[in-house]
Every structure is written in C-alpha cells, then in structure tokens.
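The entries are kept in the order in which I made them.

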Amino acid sequence: MTGTSEQPGFSLPNFEVLGLLGRGGMAAVWKARQVSLDRFVAIKVLSPQFASTAEDIRQFRTEAQTAARLKHPNIVEVYDANFSDGFYYFVMELVDGYTMGELLRRKGDVPIEDAMVITESVAVALDYAWTFHKMVHCDIKPDNIMADADGTVKVTDLGLCRTLSLIKETDAKETDEILGTPAYMSPEQIYGDTTIDCRSDIYSLGASIYHLITGYTLFQGLDNDAMMHAHVGNVQSPDPREFTPGIKPGIVMLLERMLAKRPEQRFRNWVQVLTEIKRLQDGKIVWSSPLPPFSSSIRRNSG
C-alpha cells in the first residue's frame, strides 16, 4: 500500500504525513510516519463536520479507547485516536494489501471457496469484538474487509463506524442522515434502531458475501433510497445461483438466514454462524425449510 503525491491541508503532532491512500465521504486515509516510534502507519482523518461539540469529542475518545483495546489477528489494529485543530483522527496499523471492494472492482467477483474463507475470518473477528467488547461494526462491506500480503483477512474501521453513529445521534442537525452503505445496511439500521446488536453485522456480512460470490449487490440497479426501502420491504434479490450456478445449496441457506429482514429470524450470534460454516466445510448440511415469503432479502429457489 503506497501513498500518492497529494499533500494534506493539515498537520498532526508527532506525524509526518506522506501521501493520500484513499478518500471517502466521511474521511480520508493518509500514509504517515510516526516520528516518535519511527514506524509507518495509516491515519484516518474524519471530516470537520464531526467535530462540532465537546460531547462529540468525549464520545469519540471513549469509543476510540475501546477500539484500541481490540487485539485480534483479523482486525486492523488501532494504535491511537485523538482530536487536534478541528479534526478527529485514528492512527492505525498500515496494512500492505487490498480491500475486497478493490478486488471486486478488478475481477468482478470472488471464487466461492475464497468467499467462504473470508466469511469465516470476518465472523471470527466480529465474534471476538462482540463477545469480549460488545462492539458492533455498523458498516461491514467489501471495502472494510482487507487481505494483507500473506493473505490474512482483516476487518478495518471497527470502532470508528459505531463512533460516528453515536456522534450523529447527538447532533440534531444530522438526525435525518443515516450512516452506513445502503447496499449492505441491515433493516434495523435503516429504521434508526439505537439498540442494534451483532445480528446487524451478520446481515451486513451476508450482503457482502452475496456481492462477492455473485458480482452483484443486493437490489442492484436501485438508487440509495429505493435500495433502503427494499431492505425493509417485501423485496428480494435473486437466488445467488441464478448468477453463479456452482454455489452449493448449503451456502444459499446460510445467506438466506443471515439476510433475514427481522433480526429474530437470523442467527442469534456469531457462534451459530461459525457452527453453520463448519458444517458446510464438513459436508454436513442441515436442510431447512425456506423462511416465510419475503422474510429474507434473497429468494431461495427449490433444490
């Protein structure tokens, strides 16, 4: 992962900012050298709109401290987080690799076997975050799933997305804006439920894996508003085998349940997801009846 020649319009104490790695609607990621430790890091600098009140800053620091306690091989490590001259920023492990979003844009889809390895790795990481820290990501999508140089799958932005959601909830000017990525958002996020749990991330991972193995997002072709209505309404995307015939029925059953529109019809936790993945790996499919009509965001055909 290398930076570009674009220079930042800011400076941060103890960091030499070297170049832009990527830019999104809420933040820009820069490659930098941490001077005190002489190491290269990635710094995610959030837009100034998120730095509006003292309460925002307090909430940011509290959530960032929790994120910094996460130590797991499948989670991009957060070293530090701070607020300086109107900017929030996260200091993170610099991963030499690529995101699944980049891979999709390059190749169109991902082999089914690789997608299942990704599913298991992300589930293990999010199980750790939920079980030990009660953290929900809130924005699982291919662009937040990385593979490093040796092929290790890593979740990025864990902690940051939930922090932004909490800041938004306290900002009256932003109450009509929903944080997340419409193609992968759980119905309860769209409804604005403030008590979401790990089942929301289970839905988003299901939506991400559907995209990886088919090359199509859920409800592809709809604009953002229509897409969000589709997640919560009686709309379904095609059985993934219509795009990729080699997908095994057990994977379709796994995705159907991960993508149940009501949380109580999904897997209760990541342990259940991982148990089902292990059964698939062992060839032990537990056949189940399809969910009631329109209960899942994908349609499961017979067979």
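**Entry 1: ground rules**

I am working with a predicted model, in which local features need pLDDT of at least 70 and side-chain atom pairs count only at pLDDT 80 or more, while totals for chains, interfaces and linings use all residues. Residues are numbered from 1 along each chain as its sequence is written, and side-chain values use heavy atoms, with hydrogens and water left out.

**Entry 2: overall make-up**

I looked up the secondary structure and found nine helices and eight strands in the protein; these are DSSP runs numbered from the N terminus, helices being H or I with at least four residues and strands E with at least two. For burial I noted that 54% of the 303 residues are buried, where buried means under 20% relative accessible area, exposed over 50% and partly exposed in between, with a 1.4 Å probe and protein chains only. Of the contacts with a separation of 6 or more, 64% are between residues 24 or more positions apart, a contact being heavy atoms within 4.5 Å.

**Entry 3: cysteines**

I searched for disulfides and found zero in the structure, counting as a disulfide a pair of cysteine sulfur atoms within 2.5 Å. I also looked up C138, which is buried with a relative accessible area of 5%, and C198, which is buried with a relative accessible area of 3%.

**Entry 4: α6 against α8**

Helix α6 (residues 198-214) packs on helix α8 (residues 249-258) at an angle of about 140°, and their axes are 8 Å apart. That angle makes α6 oblique to α8. The axes are lines fitted to C-alpha atoms, for helices over the stretch in contact, and the angles run from 0 to 180 degrees between N-to-C directions; under 35 degrees counts as roughly parallel, over 145 as roughly antiparallel, 65 to 115 as roughly perpendicular and the rest as oblique. I recorded the crossing of α6 and α8 as left-handed, meaning that the near helix is turned anticlockwise from the far one by less than a right angle, with clockwise giving right-handed. From α6 the contact takes I202, Y203, L205, G206, I209, Y210 and I213, and from α8 it takes I251, L255 and M258. Sorted by class, the contact of α6 with α8 holds nine nonpolar residues, one polar and no charged; Ala, Val, Leu, Ile, Met, Phe, Trp, Tyr, Cys and Pro count as nonpolar, Asp, Glu, Lys and Arg as charged, and the others, Gly among them, as polar.

**Entry 5: how enclosed is α8?**

I then asked which residues of α8 are buried. They are G250, I251, V252, M253, L254, L255, E256 and M258. Eight of the ten residues of α8 are thus buried, so this helix is largely enclosed by the rest of the structure. The cover over these buried residues includes α3, α6 and α9.

**Entry 6: α3 against α9**

Helix α3 (residues 112-133) and helix α9 (residues 270-281) have axes 9 Å apart and pack at an angle of about 155°, and they are therefore roughly antiparallel to each other. Their crossing is left-handed. On the α3 side I listed M116, T119, E120, A123, V124, L126, D127 and W130, which meet W270, V271, V273, L274, I277, L280 and Q281 of α9. The contact of α3 with α9 divides into eleven nonpolar, two polar and two charged residues.

F267 is in the loop between α8 and α9 and is buried, with a relative accessible area of 3%. Not counting residues up to four places away in sequence, F267 touches R199, I202, L254, R257, M258, Q272, V273 and E276. From L254, F267 is 13 residues away in sequence and 9.3 Å away in space, C-alpha to C-alpha.

W287 sits in the segment after α9 and is exposed, with a relative accessible area of 56%.

**Entry 7: positive phi**

Most residues other than glycine have a negative phi. I noted N14, which is not a glycine, with a positive phi of about 75°; N14 lies in the segment before β1 (15-23) and is partly exposed, with a relative accessible area of 34%. D157, also not a glycine, has a positive phi of about 70°; D157 is in the loop between β8 (153-155) and α4 (160-169) and is buried, with a relative accessible area of 9%.
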